[in-house]
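Welcome, and please have your viewer ready.

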Amino acid sequence: MPEVKIAPSILSADFARLGEEIAAIDAAGCDYIHVDVMDGHFVPNLTIGPPVISALRRHTDKPLDVHLMIDPAAPYLGEYAAAGADIITVHVEADTHLHRNLEVIKGLGKKAGVSLNPSTPAQVLEPIIDDIDLVLVMSVNPGYGGQSFIPSMIAKIRQVRDMIGSRNIELEVDGGVKPENIASIVDAGADVVVAGSAVFKGNDYNATIGALRAAAA
Ligand code: DX5
Ligand code: ZN
């Protein structure tokens, strides 16, 4: 099994020093940089948009994994692609036309991801599973960093892993991932884990990312 990919969520970074923070997690060997975009409507929090993403783009060559927690997402997909996103993930609970959004993302030359809130059943993936590059299983209710992993999401991760089968789709898990639970998350089938508070809690990102990798192995 290939080593799990680590995607630090910059939601827990120092927003006053975002460029330096991105460069530091890049140097510490992260795989993706997870960017949480929130609109104060789909989720009860408001974060950043395309201008900040284009500014961040200049500080790293690592893939920018853009998690859109916005409703609607459709009118803004082009802007996020132009800003430099590599993976654009939309929520199945937002917008009306998920399949159209996925076609638009692919048409923009980006990887298309689909995210499921904790209460959304895995079966919603069935009709669109051949149209996606990534599934993002939320293991907390989206909106904030630093929440606790919801234990029943382990069964859902296994279910999504089974649905993916041999398809070339990454399974990413987001929310409450720590050295204490990462092994069970990877064992259930995660290829990529998002970690915000677990990575940014100290100043030594080599150590915090290293602790996640060691615990996963
Ligand atoms: C939650 C976000 C997550 C969050 C993860 O809405 O999508 O990416 O920042 O943070 P931790 O790892 O602290 O749960
Ligand atoms: Zn996220």
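A cavity here is a set of points, on a 1 Å grid over the protein atoms alone, where a 1.4 Å probe fits but cannot get out. A molecule sits in a cavity if more than half of its atoms lie within 2 Å of its grid points. Before you click, note that this is a predicted model, in which local features need pLDDT of at least 70, side-chain atom pairs count only at pLDDT 80 or more, and totals for chains, interfaces and linings use all residues. Residues are numbered from 1 along each chain as its sequence is written, chains are lettered from A and ligands numbered from 1 in the order in which they are written, and side-chain values use heavy atoms, with hydrogens and water left out.

**Stop one: the ligand**

Select ligand 1, whose space is the largest cavity. Elements that give two or more residues to the shell around it are β2, β3 (64–69) and β8 (192–195); strands are DSSP runs of E of at least two residues, helices runs of H or I of at least four, numbered from the N terminus. β2 gives the largest share, three residues.

Now show what lies near ligand 1 (a heavy atom within 4 Å): 20 residues surround it, and the closest are Asp36, Gly143, Asp174, Gly196 and Ser197.

Next, look for polar contacts (pairs of N or O atoms within 3.5 Å):
- Ser9: a side-chain N or O atom is 3.0 Å from an oxygen atom of ligand 1.
- Asp36: a side-chain N or O atom is 2.7 Å from a ligand oxygen.
- Gly196: a polar backbone atom is 2.7 Å from a ligand oxygen.

How much of ligand 1 does the protein bury? Taken alone, ligand 1 exposes 380 Å², and 100% of that is buried by the protein (Shrake-Rupley areas, 1.4 Å probe).

**Stop two: the sheet**

Switch to cartoon and follow the open sheet of eight strands, paired in parallel in the order β1-β8-β7-β6-β5-β4-β3-β2. Strands pair if DSSP finds at least two bridges between them. β1 (5–8) and β2 (33–38) are at the edges with a single partner strand each, so one side of each lacks a neighbour in the sheet.

Zoom in on β4 (residues 87–91) and β5 (residues 111–116), parallel strands joined by five bridges. Ile88 stands opposite Ala112 in β5.

**Stop three: two loops**

Select Pro72, in the loop between β3 and α3 (77–83). A cis peptide bond joins Asp71 to Pro72, with omega about 0 degrees.

Finish at Asp95, in the loop between β4 and α4 (98–107). Asp95 is not a glycine, yet its phi is positive, near 60 degrees.

Methods. Polar contact = N/O pair within 3.5 Å; in protein donor to acceptor, adjacent residues only side chain to side chain. 1 Å grid on protein atoms, 1.4 Å probe; cavity = no way out; pocket = protein on both sides within 12 Å on 5 of 7 lines; lining within 4 Å.
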